[in-house]
Amino acid sequence: MPRYADILLPLAQPTYSFSVPEGVEIGVGDAVAVQFGPRNTYTGIVWRLHDRRPDVKRVKSIGRRLYDYPLVDEAQMRLWEWMAEYYMCSLGEVMRMALPSMIKPQGSSEEDFRAEEFQPRKESYLSLAPQWQDRAALKAECERIARRAPRRKALLEVIADFPKESLNSYGEMPRRLVDCDSAMLAALRKAGYISVAERERSVEQVREKMFRLPELTAQQATALSQIKQSWEQGRNVHLLHGITGSGKTEVYIHLIAKALSEEKDVLLLLPEIALTSQLIERLERVFGSRVTAYHSKLSNLRRTEIYLRMMRSRGGELVVGARSALFLPFKRLGVVVVDEEHDSSYKQSDTAPRYNGRDCATILASMHGAKTLLSSATPSLESYANSQWGKYGYSRLTERYGEARPPRIILSETMRSVKRGERKAHFNQPLLRAISEALERGEQVMLFQNRRGFSPYVGCKECGWTLRCPNCNVTLTMHRGKNRMECHYCGHSEEIPRVCPQCKRADIHTMGFGTERVEEAISEIFPEARVARLDRDTSTSISAYNRIIKSFESGETDILVGTQMITKGFDFGRVSVVGILNADNMISSPDFRSSERAFQLMTQVAGRAGRREREGVVVVQSSEVDNPVIGWVLRGDYEAMARSELQERHAFAYPPYSHIVQFTMRHEDPRLLLGGATNFAQLLRDSFGRRVIGPVAPPIDRIRGVYALRIMIKIESGRSMAKARELIRKALAQIAEQKSYKPISIAIDVDPQ
Ligand code: ADP
Ligand code: ZN
Ligand code: ZN
């Protein structure tokens with residue numbers, strides 16, 4: 001046995017060397033308890049075993065081993081290492097995020113640690129004792145005892161007749177399926193009729209093999225065979241670009257079925273899984289209990305059980321998950337599908353590792369020799385460009401399934417409506433007319449506004465004062481239901497002001513509008529309509545969210561008002577009108593991706609209309625009617641958008657023609673921060689020259705009393721990212737040497753969204 005082990009801890013640290021006590025048998029990937037720091041015990045992962053004595057005075061030794069199988073396998077270790085390198089974070093930060101917390105107990109004492117340790121839920125399983133497995137013998141015995149012990153006889157027959165395909169892999173049936181008390185079971189056991197085993201729950205799973213697959217249309221079938229062919233020819237990533245309602249889901253259901261029938265694992269990633277109960281139900285109708293949902297809203301216990309079950313699986317798993325599902329131990333990964341691949345919520349931006357789930361998915365797949373399918377109605381320009389450059393395969397679905405036609409999109413000019421006196425509250429005449437017609441026909445309406453709350457500003461008409469957050473550089477949003485003003489960044493809340501604190505006049509006005517106000521206004525205009533609202537405020541739990549969706553699905557609600565949340569891949573049959581209330585605030589953000597985003601968002605919202613026989617109508621309300629984005633949305637012309645945007649990105653060396661590395665530096669003292677950021681930018685310029693931009697203030701430059709500044713580097717495609725990372729590390733080391741700037745935090749974001 002090697003004498004030393006490099007152990008990875010769930011801390012923002014590299015690995016540390018420990019000694020392996022005589023007689024202890026451990027292997028790479030095993031979890032062990034280790035003491036680190038004066039009084040902390042952590043779960044560590046054995047990363048490497050060797051005989052090189054570490055260069056410290058006293059080498060501590062590892063504690064006991066925690067599971068009787070490795071907790072992390074070779075493929076996972078390689079993925080973690082790739083992520084730590086590419087996203088420039090520590091391996092420990094990847095570990096901290098990748099493993100469910102219950103799997104990796106920690107504590108300040110041994111008792112603490114033990115108390116936190118995962119205890120699998122156990123379940124009893126029954127089987128006939130070996131001598132009664134013989135049918136004839138059992139039959140004879142049953143007849144013998146029939147008179148004296150009829151209940152015993154009946155029970156033995158139940159156990160003997162339990163359907164073979166529902167037994168676990170030990171040939172046992174779950175105790176909970178036998179209707180009898182424990183005294184009776186104990187008696188049977190004592191008499192030598194049965195054996196009882198305690199086994200971990202949920203390790204065993206009933207597995208259907210036959211799937212009822214939808215028959216594909218000609219266009220879908222062509223796409224399916226293109227995907228298979230392209231994969232076979234060695235292009236491992238394929239982009240499926242199909243308009244909303246074209247049946248992309250049906251196409252990948254076929255790919256999933258094929259992989260599962262070969263006992264390979266499938267990972268289906270969704271941008272926000274807690275919000276996709278509709279799709280999960282649809283998959284369950286085809287794949288039954290094979291579907292395993294995995295996301296952060298599951299209980300810690302459930303996530304831990306799934307992880308450990310996957311660790312011991314032999315393939316044939318279908319995991320439907322949010323980006324965190326990437327970190328499950330897949331044993332025979334065959335296919336990875338990334339649905340709505342353009343969605344920016346695949347990116348984890350707030351904490352390290354700041355990774356993109358879509359990009360990591362393709363890396364994970366390639367490490368397993370598996371294939372990736374990216375699917376979207378509005379692909380990200382990165383993926384689209386890769387398909388144009390021949391790096392990815394590409395298929396297009398241009399027709400909606402069945403009788404459904406793409407919706408008719410109408411532009412309604414807000415300023416003109418105002419001038420003509422045709423605007424009521426936030427709705428122009430054409431939208432009101434469409435809504436009232438839809439309601440008359442018993443159809444449904446969706447209204448999209450990308451701000452929640454009632455009103456995003458309140459202020460004084462007289463002196464121009466606006467109510468801002470004391471901790472953040474943003475205005476407070478009015479929430480009428482709660483009767484409070486709230487900050488959407490730090491949670492600060494206060495009363496709704498009645499008089500202006502600056503000029504003391506009682507002329508407080510609300511400006512702008514959010515979903516809450518839209519809900520109120522539309523209810524006033526159509527008092528007979530049943531209106532619901534879907535945003536972060538109304539869907540604080542999964543059940544609240546599901547209630548809103550279910551009631552809209554079943555037709556109990558006529559009008560659904562919502563934020564981005566209503567755009568996510570829903571398939572509601574009776575929606576014939578969709579209103580985009582204010583397209584302008586999407587187009588006019590300063591980000592280089594704003595046109596692409598606005599196009600994606602509007603196209604996705606529009607795609608909720610007319611998904612069955614009835615033609616759908618989408619009304620886009622805007623004042624910027626000449627903006628090209630509006631034109632592309634109206635014509636449904638993704639290619640024109642892509643051509644124009646890619647040209648622009650090329651001219652200014654933005655992705656996909658470059659990689660961006662962004663540094664966000666933060667501190668409470670704006671002067672110290674500016675000094676540190678200026679200095680750091682200079683250090684970067686020494687290596688990267690004109691590729692460095694900044695420091696500049698981000699759109700919201702103070703949150704919770706902490707100021708922020710940003711520096712960005714654009715590294716043109718074709719340049720070595722490895723070399724760039726090396727130079728960045730050098731600059732980071734240099735700034736770390738300057739004591740006065742030490743308290744400034746630096747967050748690194750590679751490929752920011
Ligand atoms: P997309 O994912 O491209 O938006 P969906 O897969 O959700 O499209 O398909 C839209 C609707 O059309 C769904 O209700 C789906 O069940 C139906 N549909 C699509 N293709 C087929 C098919 N080949 N057979 C039966 N129904 C289909
Ligand atoms: Zn005032
Ligand atoms: Zn705030």
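Aromatic rings came up first, and I found 16 aromatic pairs in this predicted model. I picked out Trp-47 and Trp-80, whose rings are stacked, with 5.7 Å from centre to centre and 20° between the planes. This pair links distant parts of the chain, as Trp-47 belongs to strand E4 (residues 40–50) and Trp-80 to helix H1 (residues 74–86), 33 residues apart.

Are these two tryptophans buried or exposed? I looked, and both Trp-47 and Trp-80 are buried.

I also noted one aromatic cluster made up of Tyr-384, Tyr-394, Phe-599 and Tyr-638.

Next I turned to charges over rings. Arg-480 lies over the face of Phe-454, 4.5 Å from the ring centre. I found Lys-714 with its charged end over the ring of Tyr-654, at 4.2 Å from the centre.

Then I went to ligand 1. I see 16 residues around it, of which Glu-215, Gly-245, Thr-249, Arg-282 and Asp-571 come nearest. By class, I list three nonpolar, seven polar and six charged residues in this shell. Which helix gives the most to the shell? Helix H8 (residues 248–261) does, with three residues.

For polar atoms, I wrote down that Gln-220 places a polar side-chain atom 2.9 Å from a nitrogen atom of ligand 1. A polar backbone atom of Gly-247 is 3.0 Å from an oxygen atom of the ligand. In the side chain of Thr-249, an N or O atom is 2.8 Å from a ligand oxygen atom. My last entry is on area: ligand 1 taken alone exposes 550 Å², and the protein buries 82% of that.

Methods
Residues are numbered from 1 along each chain as its sequence is written. Chains are lettered from A and ligands numbered from 1 in the order in which they are written. This is a predicted model: local features need pLDDT of at least 70, side-chain atom pairs count only at pLDDT 80 or more; totals for chains, interfaces and linings use all residues. Side-chain values use heavy atoms; hydrogens and water are left out. A residue is near a molecule or strand if one of its heavy atoms lies within 4 Å of it. A polar contact is a pair of N or O atoms within 3.5 Å; within protein, one must be able to donate a hydrogen and the other to accept it, and residues adjacent in sequence count only if both atoms are side-chain atoms. Accessible areas come from the Shrake-Rupley method with a 1.4 Å probe; for residues, only the protein chains shown count as cover. Helices (H or I, at least four residues) and strands (E, at least two) are DSSP runs, numbered from the N terminus. Ala, Val, Leu, Ile, Met, Phe, Trp, Tyr, Cys and Pro count as nonpolar, Asp, Glu, Lys and Arg as charged, and the others, Gly among them, as polar. Rings of Phe, Tyr and Trp (its six-membered ring) pair if their centres lie within 6.5 Å; planes under 30 degrees apart count as stacked, over 60 as edge-to-face and the rest as tilted. Buried means under 20% relative accessible area, exposed over 50%, partly exposed in between (1.4 Å probe, protein chains only). A charge sits over a ring if NZ of Lys or CZ of Arg is within 6 Å of the ring centre and within 35 degrees of the ring normal.
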